[in-house]
Amino acid sequence: MSLFGEKCARCGHRRREVSDDAPNCAACQEEIRVKLQAANEALRNCPIDGSRMTKEVAHVIVIDRCPTCHGVWLDSGELDKIKDEVAAKTITAMLPTAPFAAG
Ligand SMILES: [Zn+2]
Ligand SMILES: [Zn+2]
């Protein structure tokens, strides 16, 4: 193991802590984990037209998308993940960027 080679093999970002032999940063590992999970999930049929839906990874969630009607199916918990993410971004956006004027 090289002292200077501790970069993520996927995105090239330098990793801060090297806890194991994983060649990727935490963000990439999470993304890879989600993609593996997607690959292992059973394909579903669209509840509207019965077409076989395809798996897509959107950020950190796996969605099923119908190629016929372009409907999207979310697993339980995935909508909450999106909500959490949006809420976090909204809160960040609402934080004042300029200092308050005093009196
Ligand atoms: Zn990475
Ligand atoms: Zn459909």
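**View 1. Order of elements along the protein chain.** From the N terminus on, the elements run α-β-β-β-α. The protein chain has two helices and three strands; helices (H or I, at least four residues) and strands (E, at least two) are DSSP runs, numbered from the N terminus. This is a predicted model, in which local features need pLDDT of at least 70, side-chain atom pairs count only at pLDDT 80 or more, and totals for chains, interfaces and linings use all residues. Residues are numbered from 1 along each chain as its sequence is written, while chains are lettered from A and ligands numbered from 1 in the order in which they are written.

**View 2. Confidence in the model.** The predictor's confidence in each residue is given as pLDDT, from 0 to 100. For the protein chain the mean pLDDT is 81, and 83% of the residues reach 70 or more. Among the elements, E3 has the highest mean pLDDT (89) and helix H2 (residues 78–94) the lowest (83). Where pLDDT is low, the predicted coordinates should not be read in detail.

**View 3. The open sheet.** Three strands form an open sheet in the order E1-E2-E3, with antiparallel pairing. E1 and E3 are the edge strands, each pairing on one side only. From one strand to the next, the twist averages 35 degrees; axes are lines fitted to C-alpha atoms, for helices over the stretch in contact, and angles run from 0 to 180 degrees between N-to-C directions. Two strands pair if DSSP finds at least two bridges between them.

View 4. Strand E1 (residues 54–58) pairs with strand E2 (residues 61–65) in the antiparallel sense over five bridges. Ala58 stands opposite Ile61 in E2, and the bridge partner of Val57 in E2 is Val62. Two residues lie between the strands of this hairpin, and His59 in the turn has a positive phi of about 60 degrees.

View 5. In E3, Val72 is the bridge partner of Arg65, and Trp73 stands opposite Asp64. This hairpin has six residues between its strands.

**View 6. His70 in the loop.** His70 lies in the loop between E2 and E3. Its phi is near 60 degrees, a positive value in a residue other than glycine. Most residues other than glycine have a negative phi. His70 counts as exposed because it has 8 C-beta neighbours inside 10 Å. A residue is buried if 20 or more other C-beta atoms lie within 10 Å of its own, exposed if 12 or fewer, and partly exposed in between, with C-beta atoms placed from the backbone.

View 7. Helix H1 (residues 26–40) lies across E1 and E2 and runs at about 165 degrees to E1. At 1.5 Å a residue, the 17 residues of H2 should span 24 Å, which agrees with its end C-alpha atoms being 24 Å apart. The expected span is 1.5 Å times one less than the number of residues in the helix.

**View 8. The protein chain as a whole.** Of its 103 residues, 4% count as buried. Among contacts between residues at least 6 apart in sequence, 10% join residues at least 24 apart. Two residues are in contact if their C-beta atoms, placed from the backbone, lie within 7 Å.
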